[in-house]
Amino acid sequence: MLVFLGIGYSLKHLTLEAIEYLGKADKIVIDRYTSLYEDDPAELAKYTKGEVVYASRKDLEGEGMSKLIEEARFKTIVLAVPGDPFIATTHDSLRVEAIKKGVEVKVVNSISVLTLIQSRLGLQAYRFGKTVTLVYPDYFKPYSTIETIYENLNRRLHTIVLLDLRLEHGRAMTIHEAVEILLKLDDELENKLDNSLAIGVARLSWRDERVQADLLPRLVKYDFPPPPHSLVIVSTPLPVEMEGLKLICKLPE
Ligand SMILES: C[S@@+](CC[C@H](N)C(=O)[O-])C[C@H]1O[C@@H](n2cnc3c(N)ncnc32)[C@H](O)[C@@H]1O
């Protein structure tokens, strides 16, 4: 059986179901490249008698993927993923391939960055539009990201902007970098974001989390703890959301 198991963002997010499947595992494969984790994921070892290994991207793609699927035919292999295992597209092919090859698949859900952001900032969950990921403009300028933000704003919807994470290259985009990239693109296009409210979200749910709302260009004035970071571009807030922005996200008067 191949178990896709969400581990949330710290050990305190493990569900009873997650602990049950960690206990049943012959082997736990820890995904260390899709997101950062507050605790040391090696601590998952205390919930299992199975072997614990770390996976890089290549271990879960191509030949690595086929090997893992064959192993799961006879053993219980748990793929431990930060957040929820299928909020992000990274493991979709592995799931589909395993099912096609007749290997039993189980999904154990957990807290995702998307649910954390929608639940913790005082904005209403049904007022979020399409989520985007902002990548470093190394090879191309991410115009489609900003166009989605504009579309969401036109529909009076907020946008969650996840920030580029290239852990295998030691790179994780910060809120300051994201603001700079977005404002440059916005200058070339509709020039809408200078007056947009935004929230810098750093290490949400971690012990040293920092959440700060202000006009987008002003977010660079604030110090945030190290990544993982996200941004929220706020559409016209409802009165209750405006109160949330002030009381929860420290929006200055
Ligand atoms: C691919 S997503 C993670 C998806 C994960 N499977 C989930 O369900 O949360 C990774 C991005 O989420 C954001 N992120 C993750 N944890 C975060 C946190 N605690 N605070 C702020 N942003 C976070 C960052 O933008 C990071 O680049």
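Predicted model: local features only at pLDDT ≥ 70, side-chain atom pairs only at ≥ 80, totals over all residues.
**Helix pair**

Helix H2 spans residues 62-74, and helix H3 spans residues 92-100. They pack at an angle of about 45°. Their axes lie 10 Å apart. H2 and H3 are therefore oblique to each other. Their crossing is right-handed.

**Ligand shell**

The ligand is surrounded by 22 residues. Gly83, Ile87, Ser112, Val113 and Leu204 are the closest. By type, the shell holds 13 nonpolar, seven polar and two charged residues. Strand E7 (159-163) supplies at least two of the shell residues, and so does strand E12 (229-234).

Where does the ligand lie relative to domain 1 and domain 2? Domain 1 covers 2-108 and domain 2 covers 113-247. Both give residues to the shell, so the ligand lies between them.

**Backbone details**

A cis peptide bond joins proline 227 to proline 228. Alanine 88 has a positive phi, although this residue is not a glycine.

| Residue | Backbone angle | Loop location |
|---|---|---|
| Proline 228 | omega about 20° (bond to proline 227) | between strand E11 (210-215) and E12 |

**Annotated span**

An unreviewed UniProt entry annotates residues 1-216 as "domain: Tetrapyrrole methylase". In the model, this span is 30% helix and 22% strand. The C-alpha atoms at the ends of residues 1-216 lie 46 Å apart.

Key
Residues numbered from 1 in each chain as written. Near = placed C-beta within 6 Å. Helix = DSSP H or I, 4+ residues; strand = E, 2+ residues; numbered from the N terminus. Nonpolar A, V, L, I, M, F, W, Y, C, P; charged D, E, K, R; others polar. Domains from an automatic or database assignment. UniProt positions renumbered as here; feature names shortened; annotations may be inferred. Axes fitted to C-alpha atoms, helices over the stretch in contact; angles between N-to-C directions. Parallel < 35°, antiparallel > 145°, perpendicular 65-115°, else oblique. Left-handed = near helix turned anticlockwise from the far one by under 90°.
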